[in-house]
Structure formats: C-alpha cells, structure tokens
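Here is a friendly tour of one model, written for someone who likes to know how each term is defined. Keep the viewer open as you read.

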Amino acid sequence: MTGPVSAPLDPAGLNPALEEHLSEARTLPVEAYLSPDVLTWERKHLFEAAWVCVGRSDQIAQPGDQKAIRVGTQGILLTRDQDGQAHAFHNTCRHRGHELLAEGACANRRAVSCPYHAWVYGLDGELRSATRFMDSQNFDTKAWPLLPLGITEWFGWLFVNASGDAPDFQQWVGNLTEVAAPWLNGTLVTGATHTYTRETNWKLVLENYLECYHCPSIHPELCRVSPPETARGYAHTGMWIGGPMELRDEAQTMSLDGRSGGERIPGLTDEQARRVTYFSLAPNLLITLQPDYVMTHRLTPLSPGRTVVECSWLFPEHVAARPDFDPSFASDFWDITNEQDLAACESVYRGMQSEGFRPGPFDEREDAVRAFQAQVAEAYLTGRWGKAKVNTMGTGDLADAGAST
C-alpha cells in the first residue's frame, strides 16, 4: 500500500466535525455517506489498512479448514494448519492469479490446490508442487509461496490486516483487552446469528449504536430493562469507543421480560452483572457485554447505501450445551431492537438524499458519535485511522475502564 492519501472530500467540509467544543461541532458532510468515491477510499484506507474482524475463529476451527473472504477490495484465503495455527493469504495463485477458492466457499483439505493449473500449496502457504514446472531449470518452489497477510485471534474472533501496514494488533485494541476480559476470557459459543442487509450507510449503523439519545423514542422494550440516562463512557486506549448502561433493579438481563434464559458468565462480579457495556472497535465490530451473553454486530459495506449487519449471540459453552437451552430470550429481544435501529438508519439515509439536508448539531448524549465522526474526519484528512480523542458516551462522568472492571 502506498503512503497516506486523503479522501475525495473538500477538507473545509470536514472542519465542523473536528470542532473542539460540542456546541460548535457539526456532523460529517453528506458526501461522506452518499459518495461511491468515498466508499472506495474507505475500503482501501479504513478497512484494508485496519484490523478488520472477519468473524469467529470457529469458521476455520479444524486443521485443513479453508475459507475465502473479502476485506475491502481484497480477496483473502483463511487456513488452519496441522499445528492449529491460523493463516491469511491473498486469494490468488502465484502462477496466473486464479482464485484458490471461490469467495464465500469453505473446504477442508490437507493442502491448498489451485483449480486452474493444479499448483499445490501447504496450509502454511509454501508451494509444494507446480505441475510441469518442477522439472524446469532454476525453478525454485521456495520462491513462490502464497503472499501472507496479518492475522490474529482475539477472544475467539479472527482479525485480518489486508494492507500489511496496520499498527500492532495489541496497540489497535489497546486496553479493551483488559476491559472486556471478565466477559470474554471463558469459552463462548455462538447460540444464534441473524443477518440483516439494509439500505443505509455502514457509518450510520455504527453511529446509531454509539448513542441512546434515540432510545426513548424508538426502543420501548429496551427502556423497560435499561434506563438510557445511565449511559457513560470509559477512558480508552486503542481504536475503540464505548461504555456501560445500567440494568433496572428488576431486570436480570436484556430480554423482553428482563429474565435470563441462561446463567451469569462465570467470574463476573455482582457489579459487573448489573450493567450492559457497548463497544465499537474500528472499523467494523460492535461488542455488547451482557451479564449472561455477549452480542456482536459485524458490519460489511456493499455500497454507499447498502450494508450487511451480521448479529451473533454468544453464550458460555456449558450453558449452550444444555439440551433445553434456548437462545431466543436474547435474540428475540435484540431482533426487535435491531429492526427498530436499522429502520431508523434507513430513514436517515433516505433523508440525507434530500436537497434540504445539512450537517446538524450534536446533543451531549451523542458525544460518542461526535468522537467517532471526528475520528473519521481526521482519517479522511490524514489517510489513516487515529484514536478517537473524545469519549464520554452520554451525560455521566468519564470512568476509568480498568478501575471499573
């Protein structure tokens, strides 16, 4: 990847999103949401150059597992070798460039085989054989491995850096590892997954997630179990924004009746079990920590106005293994909430297409949205992600995340 390149936006239009004082700040210009050129730039500079969550590790759980995915504009092949190590490669044969596996396809094989001319690679990317090249003079198989990409596993999620020049992953997540560890240290398994494809921009989904100013207007079910006015933010390092909201006294968790159909995540304190914590990890993973389950949203932009949102609910392994376990107490609640949120995001996107749209102001309860938009505006100017400089997420005092857990 070449050096930083600014986004195809008028820099002057980004200044209002970078205003230091909340009362003077304004939202991003409309082109940031509607322009195909901006999304093309984002795919290169905000996705390929980031540590992008590509799903749970269990999609390549066994040695020999292979899966073809896409990050930004790049086709990527994931593999798990015989030693259990995960790998990521450009999904292109070193001979003539044929895809090694069709995008979205999965396989379990002892090796990676190109279907075009039958070149064979090890699961670690080394070229093992090249049909009719092996006897060629001066042909060295060691000179033609698959081209590797950065990959790491974090609490059961896979992250890939397609450009090869993102900061170290631990620097990327910062103190989120410490903050989230009480909920994520154990073995969690996926109990349910719902995928939504909606007519809206990916940033609008993320921004909606970062504030509960809208909750009294569109989320009666949520407000019955968690009061929106309790939202606050955590001090953070790394590329994340977030903080907790409290549960109401009579609620055990976020469900339609406030009751849990599972068990408290082992190791949580009584204080931790009385809150629901919301995190956005740039660029595409939203993590919600509940007393008894973890919910994630993984965002993939298809076009400026079309986004795939994959929502999953994770439970302690021993709970999910019960014969009578039913994850719907969690998934039904959030399916209703997701539909409410995504309908609002679609309406905002339609409204942005009006000639009457102008960038608007921020309420103090939208400070995390302001932080994200300033982070994106700075990235548009510099060509790369930087840490969000502001994060109070609501009206509460800024809490120290490490001390709070």
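## A hairpin with facing tryptophans

Trp 154 stands opposite Trp 157 in strand 10. This is a predicted model, in which local features need pLDDT of at least 70 and side-chain atom pairs count only at pLDDT 80 or more, while totals for chains, interfaces and linings use all residues. Residues are numbered from 1 along each chain as its sequence is written, and side-chain values use heavy atoms, with hydrogens and water left out.

Strand 9 (residues 150-154) and strand 10 (residues 157-161) run antiparallel and are joined by five bridges. Two strands count as paired if DSSP finds at least two bridges between them; helices (H or I, at least four residues) and strands (E, at least two) are DSSP runs, numbered from the N terminus. The two strands form a hairpin with two residues between them, and Phe 155 in the turn has a positive phi of about 50°.

Three strands form an open sheet in the order 6-7-8, with antiparallel pairing. Strand 6 (112-113) and strand 8 (127-129) are the edge strands, each pairing on one side only. Two bridges link strand 6 to strand 7 (residues 120-121) in the antiparallel sense, and Ser 113 has Val 120 in strand 7 as its bridge partner.

## Where two helices meet

Two packed helices are described by the angle between their axes and the distance between the axes. Helix 6 (residues 202-209) and helix 11 (residues 367-382) have axes that come within 9 Å and cross at roughly 145°. Here the axes are lines fitted to C-alpha atoms, for helices over the stretch in contact, and angles run from 0 to 180 degrees between N-to-C directions.

The contact (heavy atoms within 4.5 Å) involves Trp 202, Lys 203, Leu 206 and Glu 207 of helix 6, and Val 369, Phe 372, Gln 373, Val 376 and Tyr 380 of helix 11. By class, this contact has six nonpolar, one polar and two charged residues. In these counts, Ala, Val, Leu, Ile, Met, Phe, Trp, Tyr, Cys and Pro are nonpolar, Asp, Glu, Lys and Arg are charged, and the others, Gly among them, are polar.

The structure holds 17 aromatic pairs. The rings of Trp 240 and Phe 279 have centres 5.2 Å apart and planes at 85°, so this pair is edge-to-face. Trp 240 lies in strand 13 (residues 240-246) and Phe 279 in strand 14 (residues 275-281), so the pair ties together parts that are 39 residues apart in sequence. For the cut-offs, rings of Phe, Tyr and Trp (its six-membered ring) pair if their centres lie within 6.5 Å, and planes under 30 degrees apart count as stacked, over 60 as edge-to-face and the rest as tilted.

## Pockets

On a 1 Å grid over the protein atoms alone, a cavity is a set of points where a 1.4 Å probe fits but cannot get out, whereas a pocket is an open set with protein on both sides within 12 Å along at least five of seven lines; lining residues have an atom within 4 Å of a point. Grid points are joined across faces, edges and corners, and a volume is the space filled by probe spheres set on the points.

The largest pocket has a volume of about 680 Å³. Its lining has 33 residues, of which Cys 53, Val 54, Arg 70, Arg 298 and Thr 300 lie nearest the centre. Strand 16 gives the most to this lining, with six residues. The second largest pocket has a volume of about 440 Å³ and is lined by 21 residues, among them Glu 207 and Val 348. Helix 10 supplies the largest share of that lining, five residues.

## Cavities

How many cavities of 30 Å³ or more does the structure hold? There are two. The largest cavity has a volume of about 260 Å³, and its 22 lining residues include Asn 208, Tyr 209, Tyr 278, Trp 334 and Asp 341, which lie nearest its centre. Helix 10 gives the most to this lining, with six residues.

The second largest cavity, with a volume of about 40 Å³, is lined by Leu 206, Met 239, Trp 240, Ile 241, Ser 280, Ala 282, Phe 372 and Gln 375. These residues divide into six nonpolar, two polar and no charged.
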